[in-house]
Amino acid sequence: MKNIAILTCRKAADVCTGAACMKAFNEKTGSFSAYGEPARLVAFMQCNGCGSDPTDENMAKKIARLEKDGADCVHIGICSEPSPGVECEIITQIAGIIETRGIAVVRGTHA
Ligand code: SF4
């Protein structure tokens, strides 16, 4: 069983329900198509907003929770790209911290 988490842009969450990410996960399409074994979603999290510090206590708590819940891989939504192919720097930093905890990071969910 793979434990999967999704990380998205807080600003995008103002206008997004996460439905496309959920559909892709449930149907194992998009970036989730690689999972041939059973996988479950253990977290759907956002950054802490523009100007937030990815190394602060709040984000540390979120990442610690991912570890506690046994997340194997965090998928990053395309909403974290302010322009096509250019990832938000804060998301890049969060991804780097997550990887140092031994959790894999994959760019992409439904796209
Ligand atoms: S920091 Fe980046 S990912 Fe987070 S809300 Fe701002 S633009 Fe979105």
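The buried residues of helix α3 in this predicted model are Ile90, Ile91, Ile94, Ala95, Ile97 and Ile98, where buried denotes a relative accessible area under 20%, exposed over 50% and partly exposed in between (1.4 Å probe, protein chains only). These residues lie on the same side of α3 because they cover an arc of only 160° around the axis, the arc being that of the directions from the helix axis to the C-beta atoms. The face turned away from the buried side of α3 carries the exposed residues Glu89 and Thr100. Helices (H or I, at least four residues) and strands (E, at least two) are DSSP runs, numbered from the N terminus.

Helix α3 spans residues 89–100, twelve residues, and reaches 17 Å from its first C-alpha to its last. This reach is close to the 16 Å expected at 1.5 Å a residue, the expected span being 1.5 Å times one less than the number of residues. The buried residues of α3 pack against β1 (2–8), α2 (57–68), β3 (73–76) and β4 (104–107). Just after α3, Gly102 adopts a positive phi of about 85°.

Residues are numbered from 1 along each chain as its sequence is written, and side-chain values use heavy atoms, with hydrogens and water left out. As the model is predicted, local features need pLDDT of at least 70 and side-chain atom pairs count only at pLDDT 80 or more, whereas totals for chains, interfaces and linings use all residues.

In helix α1 (residues 19–27), the buried residues are Cys21, Ala24 and Phe25. Their arc around the axis is only 100°, which puts them on the same side of α1. Lys23 and Asn26, on the other side of α1, are exposed. The buried residues of α1 pack against β1 and β2 (39–46).

The loop between α1 and β2 contains Lys28. Although Lys28 is not a glycine, its phi is positive, at about 55°. Lys28 counts as partly exposed, at 25% relative accessibility. Tyr35 is also placed in the loop between α1 and β2, but Tyr35 is buried, with a relative accessible area of 15%. Leaving aside neighbours within four places in sequence, Tyr35 is in contact (heavy atoms within 4.5 Å) with Lys2, Ile4, Lys28, Cys73 and His75. Tyr35 and Met1 are 34 residues apart in sequence, and their C-alpha atoms are 9.7 Å apart in space.

In the segment after β4, His110 is found. His110 is partly exposed, with a relative accessible area of 37%. Apart from neighbours within four places in sequence, His110 is in contact with Ala20, Cys21, Ala24, Gly30 and Ile78. Of these, Cys21 and Ala24 are among the buried residues of α1. A separation of 81 residues in sequence lies between His110 and Thr29, which are 6.7 Å apart in space, C-alpha to C-alpha.

The largest pocket holds about 210 Å³ of space. On a 1 Å grid over the protein atoms alone, a pocket is an open set of points where a 1.4 Å probe fits, with protein on both sides within 12 Å along at least five of seven lines; lining residues have an atom within 4 Å of a point. Grid points are joined across faces, edges and corners, and the volume is the space filled by probe spheres set on the points. The lining of the largest pocket comprises 13 residues, of which Cys9, Lys11, Cys50, Pro82 and Cys88 lie nearest its centre. By class, this lining has eight nonpolar, three polar and two charged residues; Ala, Val, Leu, Ile, Met, Phe, Trp, Tyr, Cys and Pro count as nonpolar, Asp, Glu, Lys and Arg as charged, and the others, Gly among them, as polar.
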